[in-house]
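Please look through the sequence and the model shown below before reading on.

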Amino acid sequence: MPAAADARARQVKERAHGLGFDAIAIADAAGPWGAGAHLLEFLAEGRHGGMDWMAREAERRAHPTALWPEAKSAIVCGLSYAPAADPLDVLARRARGAVSLYAARRDYHDALKSKLKDLATWFAAESGGEVKVFVDTAPLMEKPLAARAGLGWQGKHTNLVSRTHGSWLFLGAILTDVEVAPDAPETDHCGQCRACLDICPTNAFPAPYQLDARRCIAYLTIEHKGHIGEEFRAAIGNRVFGCDDCLAVCPWNKFAVASRDARIALNEDLRAAPLTDLARLDDAAFRARFAGTPVKRTGRDRFVRNVAIALGNSGDQSLAPVAADLLADPSPLVRAMAVWAVRRLLDAGVFARLKSRWAVDEADAAVRREWEAAGP
Ligand code: B12
């Protein structure tokens, strides 16, 4: 490796730490890897569910050089979002909607991207090379790239695990056409542990190191646009946006400390708001509440669909009127889950009265099926 590439690696790491990144490492972006073939297997099995964009861009996604043929090195950075308390405590507060840790804060893309842009601008000026910045949304496989850089390894839950930051790193990358001395990839330290596989409420791991997104609560509550299958509803509990279970039980988290970047500080109000408040959000109130956070991604209807499921799982009869109000919701997605929720919360007699009032006028076939399936 030329001395200039070594010097660049040293300098870019110093600069990245100065900018407040919690982790940084360099990968060779051009060499062959197995991740692309695994992506194709994942897609061939249909494990991406309704995330059609993954299949549409499969070829470009399969390798960094398919996205940018000139790419030589990847500068991969991480920001920690390690929680101060047990992130699973929120699951016991069943009258509240649990928003997953990554989302109960200002959108990490903004903070990560602005730091990466600073780093990339500096690097381009220093090296005279071209740079491209990526956080999450581009067709670049960030986890295998981070693993190749040695930031950590892909754990059995498929996310990157770091010896110093556990499972709590947000990832971003800069590709460059300049050679930067790569770090050695990290080896797998999962050992015999299967905590992440065993805790998954919906059995979303067909095998260690593989995820079937169609069963993952993060996919179901965030990406899935339609009705949520009956088999998953009870398991969703009070999770209204994303899921942290597989990450939260990772033993490597004990070393993790949250980033000092105030822009991504956890917002407790977003993390576990009362279901009664969340169920009453109309479109404008939803947008106002979740502006600038990842939660806005679902839009109001999908989010309140999830809230209706959480109401049904609350075990709290006093919430039945809140669920019953959603029977008149303009969105069939919400009405369908409201039927399921009231059936779970009310005894058969009261449910039958609600059904006779609402089911007859129901125009949507899927909602009518929910009424039928819920009983007399
Ligand atoms: C699509 C996506 C999702 C999907 C699918 C997740 C998945 N595991 O693929 C859904 C919506 C479910 C999701 C959920 C979450 N996500 Co997400 N997601 C992505 C995204 C955009 C692409 C991931 C991807 O390429 N998947 C395709 C599969 C094939 O890739 P892979 O998981 O790396 O698969 C590897 C292995 O599992 C194995 N493999 C996979 N399938 C198969 C099949 C066979 C047969 C074999 C042999 C091997 C094999 O080989 C692959 C290559 O090494 C990335 C951002 C990015 N651009 O990379 C963020 C990203 C992975 N997500 C992230 C986060 C934080 C989450 C959540 C924690 C959010 C939450 N709290 O709800 C959950 C975690 C769920 C989980 N256990 O994965 C972070 C992860 C950070 C980290 N430390 O790893 C990323 C990197 C975003 C970021 N920039 O920080 N996500």
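Asp-118 counts as partly exposed because 16 C-beta neighbours lie inside 10 Å of it; a residue is called buried if 20 or more other C-beta atoms, placed from the backbone, lie within 10 Å of its own, exposed if 12 or fewer, and partly exposed in between. The structure is a predicted model, in which local features need pLDDT of at least 70 and side-chain atom pairs count only at pLDDT 80 or more, while totals for chains, interfaces and linings use all residues. Residues are numbered from 1 along each chain as its sequence is written.

Asp-118 belongs to helix H6, residues 108-127, where helices (H or I, at least four residues) and strands (E, at least two) are DSSP runs numbered from the N terminus. Although Asp-118 and Arg-15 are 103 residues apart in sequence, their C-alpha atoms are 9.6 Å apart in space.

An open sheet is built from four strands in the order E1-E2-E7-E4, with antiparallel pairing; two strands pair if DSSP finds at least two bridges between them. Its edge strands, each pairing on one side only, are E1 (23-28) and E4 (131-134), and the twist from one strand to the next averages 20 degrees. Strands E2 (residues 73-80) and E7 (residues 169-176) run antiparallel and are joined by eight bridges, and Val-76 stands opposite Ala-173 in E7.

Around the ligand there are 37 residues, of which His-38, Glu-142, Asn-159, Ala-218 and Gly-242 come nearest; a residue is near a molecule if its C-beta atom, placed from the backbone, lies within 6 Å of it. Helix H2 (35-44) is one of the elements that give two or more residues to this shell, and H2 gives the most, with five residues.

The axes of helices H17 (residues 332-345) and H19 (residues 365-374) come within 8 Å and cross at roughly 10 degrees, the axes being lines fitted to C-alpha atoms over the stretch in contact, with angles from 0 to 180 degrees between N-to-C directions. H17 and H19 are therefore roughly parallel to each other, a term for angles under 35 degrees.

Ala, Val, Leu, Ile, Met, Phe, Trp, Tyr, Cys and Pro count as nonpolar, Asp, Glu, Lys and Arg as charged, and the others, Gly among them, as polar.

| Group | Nonpolar | Polar | Charged |
|---|---|---|---|
| Shell around the ligand | 23 nonpolar residues | eight polar residues | six charged residues |

Definitions and conventions. Parallel < 35°, antiparallel > 145°, perpendicular 65-115°, else oblique.
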